[in-house]
Each structure stands twice: as C-alpha cells, then as structure tokens.
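Subject: The structure for you to look at

Hi,

Here's the structure I promised to pass on. Have a look around first, then read my notes below.

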Amino acid sequence: MALEGKINEDIKAAMKAKDAAKLRGLRAVKNAILMAKTDGSGDAMDEDREIQILQKLVKQRKESLSIYEKQDREDLAVKEREEIETIQAYLPKPLSDEELKAKLTAIVNDMNAEGMKDMGKVMGRAQKELAGKADPGKMAQFVKDLLL
C-alpha cells in the first residue's frame, strides 16, 4: 500500500502549494483506492490492483476528454488533461513500441503460439506480465500482427 501513503503525502504537498489541478487528480486517486478497499470483494490491495485502478482512472478521463473536445468545451478539457497528467505520474513508465514488440515476440515464441487460435492465451499471459506497462489495445494489435 505504498501508493496510498504516497498519495496522502502528495495531497498535503499540493494543498500547501495551492496546486488545485494536482490536488483534484490526487483526490480522485485517493477516492478510487478507498472505494476499491471497501468494495466488499475481499481482494488484497497489491501493486497490480493499484495499477489497474490508476489505468481505469486515466481511461475514464481520456473518454471524457474526447467528449469535451468534440463539444468544444476547452475549459473542461483542460481539467481532464491536468488530471490525466497527475494520475499518469504514478503509473510505471510505459514500454516503447520496440520493447513491447520484443517482449510480445518472446511470449509468442515461448508459448509456441501459432495463428489466431492462440491469441487469447498469448494476450492473457502478456497482460499479466506487462500490466501497467503497455496499452492493451496496442498489445492486441502487435500480438495479432505476430500471429498472422
């Protein structure tokens, strides 16, 4: 639960610095972690779960950002961009396309995957091993290219 402690300390720092944009993003993360801890699922709050929560928050904000941009609501779009930037600072550094292709190629070769019938197996393992380090959509496209 290192993330929760770090978020709490960063909230205090943002309050002292009167950084409203960062504070908004941090409070959203804190709220999401609190909700996940008390959701009754009984799942442990480990690093993988924290990464999933952060990814979900970023995805939600990107969807909102897209809507705001389509509706020409730059005032709201700016807030979403600020929150995305704040939340992404707590995610692991994403892999470059070359690194991602190399890791996926190694997984495909290790599993002796042949053709699209093995895509589900490859994606399952890839998502476990590369959780938080790569966009699942991009991973799926690269795996599809490797298996065709």
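One thing before anything else: this is a predicted model. Let's begin with a single residue. You'll find Asp-48 in helix α3, which covers residues 47–70. Asp-48 also belongs to a patch of negative charge on the surface, together with Asp-43, Asp-46 and Glu-47.

Now zoom out. The protein chain has seven helices and zero strands, so the pattern along the sequence reads α-α-α-α-α-α-α. Along the principal axes, the C-alpha atoms fill a box of roughly 55 × 40 × 30 Å. The chain has 148 residues, and 34% of them count as buried. The accessible surface is about 9500 Å², with 51% of that belonging to carbon and sulfur atoms.

On to the charges. There are 28 positive and 28 negative ones, and their mean positions lie 3 Å apart. A search of the whole structure turns up 13 salt bridges. Here are some to click on:

- Asp-97 and Lys-138: the closest N and O atoms are 3.1 Å apart. This pair links distant parts of the chain, with Asp-97 in helix α5 (residues 97–111) and Lys-138 in helix α7 (residues 136–147), 41 residues apart. Asp-97 is partly exposed at 32% relative accessibility, and Lys-138 is partly exposed at 36%.
- Asp-110 and Arg-125: here the closest N and O atoms are 2.6 Å apart. Asp-110 sits in helix α5 and Arg-125 in helix α6 (residues 119–129), 15 residues apart, and this pair also links distant parts of the chain. Asp-110 is partly exposed at 48%, and so is Arg-125, at 27%.
- Glu-74 and Arg-81: their side chains meet in a salt bridge of 2.8 Å, N to O. Both partners are partly exposed, Glu-74 with a relative accessible area of 45% and Arg-81 with 31%.

Cheers

Key:
Residues are numbered from 1 along each chain as its sequence is written. This is a predicted model: local features need pLDDT of at least 70, side-chain atom pairs count only at pLDDT 80 or more; totals for chains, interfaces and linings use all residues. Side-chain values use heavy atoms; hydrogens and water are left out. Patches are made of residues with over 30% relative accessible area and no salt bridge: like charges are joined within 9 Å, nonpolar side chains (Val, Leu, Ile, Met, Phe, Trp, Tyr) within 5 Å. Accessible areas come from the Shrake-Rupley method with a 1.4 Å probe; for residues, only the protein chains shown count as cover. A salt bridge is a side-chain nitrogen of Lys or Arg within 4 Å of a carboxyl oxygen of Asp or Glu. Lys and Arg count as positive and Asp and Glu as negative; His and the chain ends are not counted. The place of a charge is taken as NZ of Lys, CZ of Arg, CG of Asp or CD of Glu. Helices (H or I, at least four residues) and strands (E, at least two) are DSSP runs, numbered from the N terminus. Buried means under 20% relative accessible area, exposed over 50%, partly exposed in between (1.4 Å probe, protein chains only).
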